[in-house]
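Have the structure open as you read.

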Amino acid sequence: MGGGSFRYIFPMYQRNYPEIHYARYHKKNGWVGRKMYHYAHNDIVQFLAEYGDIGSGLLLLTLLWILFSAFRIFSFSAFLLLVGFATSMRHAFFDFIFNSPAYWMAFLALLTASSKLLQQEAGRRA
């Protein structure tokens with residue numbers, strides 16, 4: 001669907017489930033009111049919902065390729081890169097740190113630069 005489309009696409013699926021579609025249940029009138037969801041519950045689910053399997057898969061493959069190229073070099077620096085990546089993903093699971101494009105760009109730039117520095121370090125060792 002694309003970035004920012006969750007709030008527009010989700011209501012089509014939401015109406016199939018009264019528990020999450022309506023605000024409350026009234027004894028006489030039945031289900032009343034409508035709940036509005038602008039975001040999924042975390043960055044990872046939000047990204048999957050907006051970009052689908054293909055878009056998310058492309059991003060995941062890119063991140064894994066960057067990490068794999070860094071981890072061909074077994075060093076303490078590579079370990080710290082993995083810890084930083086895992087910490088960022090854990091934070092994204094509980095919060096919306098990647099909701100801002102500026103965070104995405106900074107994260108990807110630092111990840112790529114770190115990976116390239118590790119490759120250069122390995123080249124000097126060999």
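## The patch on the surface

Two helices, H3 (43–71) and H4 (76–94), each put at least two residues into a nonpolar patch. This is a predicted model, so treat the picture that way. The patch itself sits on the surface and is made of Ile 44, Leu 48, Phe 93 and Phe 94, which together have about 400 Å² of accessible area.

Take Ile 44, which belongs to helix H3. Is it buried, exposed or something in between? Ile 44 has a relative accessible area of 33%, so it counts as partly exposed.

In soluble globular proteins, nonpolar side chains tend to be buried together. Here, the largest nonpolar core has 16 residues, and the ones touching the most other members are Leu 81, Phe 85, Phe 98, Phe 107, Leu 111 and Leu 118. H3, H4 and helix H5 (101–125) are the elements that give two or more residues to this core. H3 has the largest share, with five residues.

Leu 118 is worth a click. Skipping residues up to four places away in sequence, Leu 118 touches Ala 70, Ile 73, Ser 75, Ser 77, Ala 78 and Leu 81.

## A serine in helix H4

Now find Ser 88, in helix H4. Why does Ser 88 count as buried? Its relative accessibility is 18%, and the cut-off for buried is under 20%.

Which residues does Ser 88 contact, leaving aside neighbours within four places in sequence? They are Ile 97, Phe 98 and Phe 107. Phe 98 and Phe 107 are also among the core residues that touch the most other members.

Definitions and conventions. Residues are numbered from 1 along each chain as its sequence is written. This is a predicted model: local features need pLDDT of at least 70, side-chain atom pairs count only at pLDDT 80 or more; totals for chains, interfaces and linings use all residues. Side-chain values use heavy atoms; hydrogens and water are left out. Patches are made of residues with over 30% relative accessible area and no salt bridge: like charges are joined within 9 Å, nonpolar side chains (Val, Leu, Ile, Met, Phe, Trp, Tyr) within 5 Å. Accessible areas come from the Shrake-Rupley method with a 1.4 Å probe; for residues, only the protein chains shown count as cover. A salt bridge is a side-chain nitrogen of Lys or Arg within 4 Å of a carboxyl oxygen of Asp or Glu. Helices (H or I, at least four residues) and strands (E, at least two) are DSSP runs, numbered from the N terminus. Buried means under 20% relative accessible area, exposed over 50%, partly exposed in between (1.4 Å probe, protein chains only). A nonpolar core is a set of buried Ala, Val, Leu, Ile, Met, Phe, Trp, Tyr and Cys residues joined through side-chain atoms within 4.5 Å. Contact means heavy atoms within 4.5 Å.
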